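The sequence and structure come first.

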Amino acid sequence: MLDLRNNSLFHKLPQEIGRLHRLELLGLSRNSIGGEIPSNISACSKLSYLHIGHNLLVGELPPTLGHLSNLKLLNLQNNSLSGSIPPFLGNLSSLEDIALLRNRLSGVMPEILGQLKNLTFFSVSSNEMSGMVPSSLFNLSNIRIFDIGENNFHGTLPSKLGVSMPYLKVLLVSMNQLSGPFPISIANASNLVSLEFAENKFTGKLSSFRKLEQLQLLNIYHNLLGSDSANDLNFLCSLTNATSLEKVDISGNNFGGILPECISNLSATITIFFMQRNNIVWRMPAGFGNLINLEILAARGNQLSGSIPFVIGRLQKLQLFSVGANSLSGAIPTSLGNLTMLITLDLSRNNLQAGLSSLSIGLYLSSNRLTGALPFEVGKLRNLGELDVSQNMLSGVIPNDLGGCIMLGVLLMNGNFFHGSIPSSLSSLRGLTSLDLSRNNLTGKIPDFLVAFGSLRYSNLSYNDLEGLVPIGRVFENTSTTFLEGNNKLYGGIPEFHLPNCENLKQHKRRSTLKLIIAIVSTLSGAILVFSIIFLCWFRKKRKLSAGTNEENPLRSSYQSILKATNGFSSETLVGEGSFGFAYKGVLEDGKTIPIKVLKLLSQGVSWLNVRP
């Protein structure tokens, strides 16, 4: 026996290893051995245990391995071996364990491997193999662990798989291209502990798992299972007999209908329950409150409605609660504040309308209908790592208490109605990596302390009413990490922001002032001009009216004043004579000269003196 596991061996395996003719056990796992497997290892004809896993081996499996007829265990996992699985392995009838996982093997699976009747462990997962899995492999009646996951196998699985492998404990076929109906006979594999069919294309309904009393893990996510019908989830009730059940993941399928109340009877040992991205409707059963050891409960992306059950607050070990992208409504239960171990809470994209309660390390409440101010109690969440309240209708100022969340790394408050300035208390958030305050009504200056945040990689302050000088340094040195558009009173910063600099801003202010003065003077001048024109028109019209009135109304004076003005109508004041009378020039006592016409009374239509000013 040569056991050198868990050392710091490196270089290649020496050819001299072929001289160890009596060697039965060779353990070299967890070293740094490189190179290829020596072909002369076949000289170790008594070798029954060959474990060189977790090394740096390359190349293909040498054909000479086919001469090791006594080999019971072949473990070459976690290397960089390439090529295909050689058919000669099917001739090593003593083989019980084959572990070739996590290499770079390709090609198809040899049909001859179905002859290894003593095989109990078979794992080729995490390689690059393809083709169909030979049906003969599913007739290995002694197999306990069968793992072909993370390859490119296609085709279907035998319907009698659960019968032909009666001792099967672990069945791993995840992450391939397998299709067809889910094998009904799986329900008879009563020794199953782990069942993983995830990321394939299996279809149909799931039958009862009532006989799988030892089942601990059911992983069937990302398939085409279910038919979007009312009874799709009835199989969950058959899992109540699995008293050691720990994890269930049915996410990413076509399961419809409602979550059955029998969930309350699942084993209290269950810690993880994923059912995301299905078509599950109606309410969340209150029975979830009985699963007191749950650490993860995720039902995001369904059609759940109604309120969040108050009894969720009983799950004291819950670390992740995700029910985003549903149609939940009503109040966020205050009982969630009792979940002291909660790390991530995702309630986003629902119709929740209540305020917030004291919660967790990851708080995701985006795209709801949250209103009012952000409670100051949020500042008590000392371990809060991420806060996302974006796309709501929150208002008021950003609470100073938020600075108490000294572990905060992500702060997303965009798309609300927050106003006021960015509080100086946020200067304590030195671990902040992402900050989005865009599309609010924030005013004031950009705080200089943001430049001091060495971890800040993303800052979006766009579409507010911020003003003043833009800081320079760190996150503000790159337009791909900082966004400031929509703030028309900002200036300075790096040229790429295309903001006015200080001198340009002064010139801009002077030009703006001059333009304002010119505008005021022009307006006043225009007003005066218009007023003058109006007054002139009015004055001219008045004079014209006055003149017209005088023409129509001759000046009335006494005969004595006229006689005196013309010096008794003397010949010196006579200026003319016509057919109707005489014209005189008179001078009144105030010195004003007036024309006076004396009509001949014998003329038709004449009656008196006509005096005009």
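How many disulfides does a search of the whole structure find? The model is predicted, and the search returns one disulfide. The bond is between C237 and C262, with an S to S distance of 2.0 Å. Because the torsion about the S-S bond of C237 and C262 is about -85°, this disulfide is left-handed. The pair connects distant parts of the chain, 25 residues apart. C237 belongs to helix α2 (residues 235-238), while C262 sits in the loop between β21 (247-249) and β22 (272-274).

| Cysteine | Relative accessible area | Class |
|---|---|---|
| C237 | 23% | partly exposed |
| C262 | 14% | buried |
| C44 | 0% | buried |
| C405 | 0% | buried |

Which residues form the nonpolar patch? L516, I520 and L524 make up this patch, and together they have about 300 Å² of accessible area. One of these residues, L516, is part of helix α3, which spans residues 502-552. Is L516 buried or exposed? L516 has a relative accessibility of 52%, and the cut-off for exposed is over 50%, so L516 counts as exposed.

How values were computed:
Residues are numbered from 1 along each chain as its sequence is written. This is a predicted model: local features need pLDDT of at least 70, side-chain atom pairs count only at pLDDT 80 or more; totals for chains, interfaces and linings use all residues. Side-chain values use heavy atoms; hydrogens and water are left out. Patches are made of residues with over 30% relative accessible area and no salt bridge: like charges are joined within 9 Å, nonpolar side chains (Val, Leu, Ile, Met, Phe, Trp, Tyr) within 5 Å. Accessible areas come from the Shrake-Rupley method with a 1.4 Å probe; for residues, only the protein chains shown count as cover. A salt bridge is a side-chain nitrogen of Lys or Arg within 4 Å of a carboxyl oxygen of Asp or Glu. Helices (H or I, at least four residues) and strands (E, at least two) are DSSP runs, numbered from the N terminus. Buried means under 20% relative accessible area, exposed over 50%, partly exposed in between (1.4 Å probe, protein chains only). A disulfide is a pair of cysteine sulfur atoms within 2.5 Å.
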